[in-house]
Amino acid sequence: MSENETHEEIDLNKAECQSVAAHIYEYLDSEMTEDDALRMRRHVAECSPCLAEMSIEEMIKRVLKRSCAEKAPEHLRVAIHAQFTSIRFIE
Ligand SMILES: [Zn+2]
């Protein structure tokens with residue numbers, strides 16, 4: 001039976017996902033060490049929820065840079081989320 005293996009894998013991914021969520025801004029701002037950034041990229045490459053989250057945060061960051069706003073308004077965040085989801089759905 002491979003039940004235990006599956007559980008371990010899920011726990012590992014969960015921990016990695018939490019770490020990505022916690023450090024996403026450090027990563028996007030390039031404030032990470034090369035090792036941490038590499039670890040982040042490796043996880044995101046095989047974890048689609050984290051990839052989606054990172055892509056959304058990156059998009060919001062770009063939009064904010066352009067508009068010079070300090071913080072993303074909630075409606076912008078929701079709009080980008082919706083747009084991203086629909087793009088992924090079409091693909
Ligand atoms: Zn993840």
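Me: How many helices and strands does the chain have?
Reply: Start with the secondary structure. This model is predicted. Its chain has four helices and zero strands. Read along the sequence, the pattern is α-α-α-α.

Me: What is the mean pLDDT of the chain, and where is confidence lowest and highest?
Reply: The mean pLDDT is 82. In the chain, 80% of the residues reach 70 or more. Confidence is highest in α2, at a mean of 94. It is lowest in helix α4, residues 74-90, at a mean of 74.

Me: Which way do residues three or four places apart on an α-helix point?
Reply: They point the same way, because an α-helix has 3.6 residues a turn.

Me: What span should helix α3 have?
Reply: Count 1.5 Å a residue. Just after α3, Cys68 takes a positive phi of about 60 degrees.

Me: Where does Ser30 lie, and is it buried or exposed?
Reply: Ser30 sits in the loop between α1 (3-28) and α2 (34-46).

Me: Which residues make up the largest nonpolar core?
Reply: Five residues do: Val20, Met40, Val44, Cys50 and Met54. The elements giving two or more residues to this core are α2 and α3. Take Val44 as a case. Leaving out residues up to four places away in sequence, Val44 touches Val20, Cys50, Leu51 and Met54.

Me: What share of the chain counts as buried?
Reply: Of the 91 residues, 5% count as buried.

Me: What share of the contacts with a separation of 6 or more comes from residues 24 or more positions apart?
Reply: Those residues account for 50% of such contacts in the chain.

Conventions. Residues numbered from 1 in each chain as written. Predicted model: local features only at pLDDT ≥ 70, side-chain atom pairs only at ≥ 80, totals over all residues. Expected span 1.5 Å × (residues − 1). Buried ≥ 20, exposed ≤ 12 C-beta atoms within 10 Å, placed from the backbone. Contact = placed C-beta atoms within 7 Å. Core = buried A, V, L, I, M, F, W, Y, C linked by C-beta atoms within 7 Å. pLDDT = per-residue confidence, 0-100.
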